[in-house]
Structures are given as structure tokens and as C-alpha cells.
Amino acid sequence: MKKLVLVFVFFSIISFQLNAQWFQQISGTEFDLYGVSFTDVNSGTAVGDGGTILRTTDGGTTWTLQSSGTTNSLSCVSFTDSNNGTAVGYNGTILRTTDGGASWILQQSGTMEWLWGVSFTDSRIGTVVGEKGIILRTTNGGASWVPQSSGTTNTLLSVSFTDSNNGTAVCLDVLRTTNGGATWIPQNSGATNWLASASFTDSNYGTAVGYEGTIYRTTDGGITWTSQTSGTTNWLYGVCFTNENYGTAVGTFGTILRTTNGGATWISQQSNVVPFNLSAVSFTDSLTGTVVGDQGRIVRTINGGVTNIEKTIDVMPTEYGLSQNYPNPFNPSTSIQYAISSRQFVTLKVYDVIGKEIATLVNEEKSAGNFNVEFNAFHLASGIYYYQLRAGDYVETKKMILLK
């Protein structure tokens, strides 16, 4: 009877993971994580206490600890592609990599103040903000950093640039530049308390979040800001929008909020990490995102946080894609998501290591959309398997591991 109970619990956990909005990933650290940056669905970096830097190239299936060369806490990280990234933190720390984190080089910031936010728009041009209103700017990948006049001595916690000229920095103040920081202009957001994070998708559309569930939105580059109803009084520490409509905010006690209409409504999602605080979020498209937080917590979604979807009709993909199955390794079931941007005849098949076809999961014409398929391998032996998507001229294959 005890064995049957354990088996039931095990498969209940597997079932819960497959139906959960967000899946936990193994970070390999218990240090708090404060920043995360993904440049595509596979390549991402997380940073945190003790100079911790973690790197994934498989969408978080595995996270690898990298050598930062410092024990200073790192608050934020910004990558512009899979190779070029910058992390900032305590004691004026600025670290730079041009090889995906294989090596991190300490740069001269010229300050000992805590640096809280960083935003790069390409491999050369970036801005850092921090304590006492400090703003630093580089146009040469950090070979040199030039101080800019913020006009405030208040701490700045976050900065978001959408191009080389247009950027916004927030905390007690909201500052805006349209000339690459040559001048920073104060804006009246209406917020009476701290704003911890801001995300802009273009020069007009932006959202800032912070104290006790505060959310403010602008559609005109900050000329006007409108308060939105978050539905929570928990602190919000991070926010990320992929376009003017789709965004996610995260915060204390495992809070995750989601909007698909520019913040007109925010829906609470189950993070599965309560009561841990969540500090930062990075989405590469409207469906695929990663959140990091206390004690090395990392959670991931490949469906925008929507529970147990088969097809998402409100988000039409602009390209084809095959996501990494989750969970992976798995036993006995796993979920596979794919996207097609036009009506096509689609096949999704599973093969063993010698190329023998094991299963056909999809074999029919599909309209454009995002799809989720469950693969149950209860009858198969442990080992490596491959799944392949074919849609028109598009072909992609990925590896998965069955571990019984």
C-alpha cells in the first residue's frame, strides 16, 4: 500500500507540472537571483548575490555557473545577442562578456555606488543607473563609461532604452531622454512611492511597476502616465513587455501578473514558488518567458502562463518554431509546443537514437497558431529520443530524455 501511495504521489506531481502555468527549473544555486536576460528562447543569463552568474543555452533545461571574477552582488544583466552582455551591481561593478559568458571582464565604471539597472540596445550602446541618481553611458561596449547628469540624487533602480536615443529611468523619480542621455527630463508619473522596474517596447509604449502593486502605463513616451489596477498589494520588482499588449510583472510572495491588453486588465498567475520573492522577468516572445528570484528560484513558461492550453488563438505567431519539451528529463509524459505562422500540413514525430520512428503525434493540416501536444512514453525504455516538426519547408528536430 505504501508503494502504491508513493507511485500515486509521483504521478500526481508529474500531472501537476504538465498542467502548471509555470515550471520550476534547477538553477544549481541557493543565492538570490536579481536579474535575467534572454535573447532567444534558448539563450539566457541570470545574475545575483555573491557575483553569481548562471547561463543556459537550452531554455533553462540546464543552467551552468559561470566565473564572474567577483563576489559583489549583481543586480541586473542585459544581453543584446547570445554573445554580448553586461552585468552591473554593488560597488560600481560592471562586467562585460563578448563570448556568451565564457569570460567576464571587469570594466571601469568610475564609481563605487551600487548600480541597479542596465539597458543595451546593441553591442556598443548602453546605459547604467544606480544610487544617488548616477547615470553612466557607453557607446563603445563599455571600453569607456561617461557620467550623465540626471538632475537627481535619488536612487534609480531601472532603465529601459528602445533605441540609442529614447530611454526611461525610474525609482522615486521618472526621467526621460530622447537624445541618448545628453539631457534627462523629469516626468510626472503620478506615483507617490518607489517604482522598481520599467519596460518600454518602443519610444511611446511603456509600463513601470513598484511599491504595493503599483502599475503605471504610458502610450505617449511618458508625457502622460495612467495608473492601472494590479489586483495586488504585493511589491512588484520586475516587468517585461514584448509588444504594446503582452506583458508580465513579478514580485513578492511569488507574484506573477499577466496582461494581454496593455494592462487594461492584469490576471494573477500561479508561480508555484510561494512564498519566495521573484525579482526579474524576461520574455523573448508573447509565450516564452523566465522569472528568477530568492534562493536560486527559476520558473519558466512556454505558453504565456496559460494553464493546459491546446491552442492559443489570440496570439498569431509570425514565424515557425519548435520549443524544448517540458519537463525534460521526463517520466512518463512530457509536453511539446510548436508554432506555425500559416496554414500548413504538419507532422510531429518521435524517433529513437538510430532514427526509427516511435510515434506520430501530429499528422494533419493546421491553421496558423500555437499548439501544445502531450507525448506519453509509458511503454518506452529510458533513453534519448528525438522529436521532429515538419511544416511546409520548415523542419526542426530537438532531443528529449526519458528517465524512468
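1. Asn91 is partly exposed, at a relative accessible area of 26% (buried is under 20%, exposed over 50%, and partly exposed in between, with a 1.4 Å probe and protein chains only). Asn91 sits in the loop between strand S7 (85–89) and strand S8 (94–97) (strands are DSSP runs of E, at least two residues, numbered from the N terminus). Although Asn91 is not a glycine, its phi is positive, about 60 degrees.

2. The model is predicted: local features need pLDDT of at least 70, side-chain atom pairs count only at pLDDT 80 or more, and totals for chains, interfaces and linings use all residues. Residues are numbered from 1 along each chain as its sequence is written, and side-chain values use heavy atoms, with hydrogens and water left out.

3. Phe253 also has a positive phi, about 55 degrees, and is not a glycine. Its place is the loop between strand S23 (247–251) and strand S24 (256–259), and its relative accessibility of 48% makes it partly exposed. Most residues other than glycine have a negative phi, and most peptide bonds are trans.

4. The bond from Asn328 to Pro329 is cis, with omega near 0 degrees, and the bond joining Asn331 and Pro332 is cis with omega about -10 degrees. Pro329 lies in the loop between strand S30 (321–322) and strand S31 (333–340), and Pro332 is in the loop between S30 and S31.

5. The largest pocket has a volume of about 1300 Å³ (on a 1 Å grid over the protein atoms alone, a pocket is an open set of points with protein on both sides within 12 Å along at least five of seven lines, while a cavity is a set where a 1.4 Å probe fits but cannot get out; lining residues have an atom within 4 Å of a point). A volume is the space filled by probe spheres set on the points, which are joined across faces, edges and corners. Of the 49 lining residues, Val36, Cys76, Val77, Val239 and Val281 lie nearest the centre of the pocket. Among the elements giving two or more residues to this lining are strand S2 (33–38), strand S6 (74–79) and strand S26 (278–283).

6. The structure holds 1 cavity of 30 Å³ or more. The largest cavity has about 120 Å³ of space. Its lining has 15 residues, with Asp58, Gly59, Arg300, Ile302 and Gln324 nearest its centre.

7. In the loop between strand S32 (344–351) and strand S33 (357–366), Ile354 is exposed, with a relative accessible area of 73%.

Notes
Helix = DSSP H or I, 4+ residues; strand = E, 2+ residues; numbered from the N terminus.
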